[in-house]
Amino acid sequence: MRLTLMFLSVALLLLSSWIGLTAGRIEPECRNIIYMHVPSSIAALVCFCVLLAASVGYLATSRVSWDRVAAAAAEVGLIFATLLNVTGSIFSRAEWNVWWTPSPRLVTAAVLWFLYVVYAILRISLGGDRGLRARVCAVFGIIAFFDVPMVIISARFMPDIHRAGFSFDSAWQTAAFLPALASMLLLAAVLIWLKADLLAARDMLEKEI
Amino acid sequence: MVLDGVDLRLEAGWSVCVCGVNGAGKSTLLKLVAGLLRPDAGSMRLCGSDIGSGGDAARAGLGAVLHEPMVYADLTVLENLRFFAGLYAAGRAESRIDELIDRLQLAPYRFDRAAVLSRGLLQRLAIARALVHEPAVLVADEPSTGLDAEASGILLSILEGFTAAGGAVLMATHDVEFGIRCCRKAAVLDGRRICFEKDVCDIDAAAFTRDYLAYARESR
Amino acid sequence: MKHFLSGFNAVFLKDLIAELRAKQVLPSMLVLGLLIMWILRLASSTSSIDLAVTGPAALWISILFSGLLAQERSFSVEKENGCLEALLLAPVDAGTVYLAKVAVNLVMLCVFEIVIVPAAILMFRLEVSDWPVLVAVLMLGNLAISGVGTLFSALVCGAGARGAVLSVVVLAVLMPVMVPAVFALMVVFGAVPAALVGTGALAFVGSLGSALGYMVAFDAVFIAACWLLFGIAVRD
């Protein structure tokens, strides 16, 4: 099932790239990175929502499966956040000639990345009592989630170099964008699922030993 | 799972001693009763109020001497007791503190910081801490550790006074001798539950052990 | 209510007395804060514009890092001798313990700032245009640091994490509030000429009022969230 979904995700990505490089091409060339950049930002935010849900779920039920989903979501989210920041940086260099600047979207992306990294650090450095680690990470997950709207609000107060919103000029561009979005979200879901199962298997093995 | 199917009932003025080998679950049982751990199933009530759900009433009526002394190293004996009296909003705090300090013979040390006290003195302070707010129930995990013979005697008299005044004591110990001297009833925790109970007012440790071994043999 | 007040007072006074007696954290905070500011001072040029801009940032950096020292203390004391369990046993709401600890950390930060702010003013040749606003900005920042730091100190110190984990976590969570905080201080110290406020020349576009408003919102949201989560965080 997961293999099928992965293939589907890759297929959608290829579809998106094909349309994006032909009929849905944006001028100038460098802006085509939008097809990677925006979907990965949405995927990173979705992963954060999954992380929040899993954290709340763990604190409410104390079931380890929630904790595993949280760990998986954090790891996958980190990947997408890294992708977001890297593509954003490339785009900003190409478009505005700066690698980075404290503008709202860029700061939000950076904060998101840092929060994922700190979650990873918490997971690594609190080895030992699994239950305690799960609880600490769950509380952090919830508090960190409150950071994101805070950054978005403070974004109102930062000088913006992003265009206010973006819209696609032609239907082809939307046709290139939507598969990319679907592909990223699908990939995120499959990876979280895989990772959670992997953690479950590892836990089972450790219990056997 | 550490404990499975433990049913225990304490009336005012009773003292129960729970014996068992290391790892039997005595400390877990006491932590559950104190409300530090939540049971996966079942409930615990103190004077009618549920302990686990965080009711203030239940916690106010409970005093606990557990594995750690639970006193602040940087505060003096007097300050520690005053803090706990304040925390529990205990009535007639000062007189109660003085009384406890006298009975536990901590008077020469009242202005000493807890960090400089010896193990035995620290344990006496812990006992005073548990009793400063006049609880209805005292939960004690190996209270005689670190106490010399004289201090054990003092603890014994305090427990007797406590139960005489209507308090209930739940004690865990692997020192059956001390447990039986202190308490009215002794129970053995084994195989995740209380498997043997007996009134021990009139018998000694040897008799109790004999009875328990006889029971163990029969039940095999 | 009776339990709230007595519990709050008991924990608050106990922490203060213990700290005054141990004399461990406050001196380290002061020394660390002064050292950080001194290093940043040496690292900046002596032009008055540069100093006026670096000064507020240096002040917040030293408050943040010294504040983290205070946070760490608030629960490492409880971990010795198992005192946190004693607090949980008492008929005091976990939230009350949290608020008392936040109050203690606030007091320590305020005492720290009484020394460090004049030091900053001297070192960076700052001029204070508005003392009440300065106090307000500092207090809002202190509330944020204490509020978040106390919760995570309980969690992280309770879990026995070594090293800078607490600092990393608290700094990450406090990231959003630092921009308006530095901006507000810059305005108070006159580092931001009135002409620049509201333009895009700074990282913060807005007035002093909006910066303060943001900080108030941040503090309200986070202290409420931390207060609610504290009980869940420390109980088993």
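**Exercise 1.** Find which residue stands opposite B:Leu138 in strand 6 of chain B.

*Solution.* B:Leu138 faces B:Val169 of strand 6 in chain B. The model is predicted: local features need pLDDT of at least 70, side-chain atom pairs count only at pLDDT 80 or more, and totals for chains, interfaces and linings use all residues. Residues are numbered from 1 along each chain as its sequence is written, while chains are lettered from A and ligands numbered from 1 in the order in which they are written. Strands (E, at least two residues) and helices (H or I, at least four) are DSSP runs numbered from the N terminus. Strand 5 (residues 137-141) and strand 6 (residues 168-173) of chain B pair in the parallel sense over 5 bridges; pairing requires at least two bridges found by DSSP.

**Exercise 2.** Determine which part of chain C gives the most to the side that touches chain B.

*Solution.* In total, 23 residues of chain C are in contact with 25 residues of chain B, where contact means C-beta atoms, placed from the backbone, within 7 Å. Helix 1 (2-22) and helix 4 (83-89) of chain C each supply at least two residues of this side. Helix 1 of chain C gives the most, with 11 residues.

Technical notes:
Contact = placed C-beta atoms within 7 Å.
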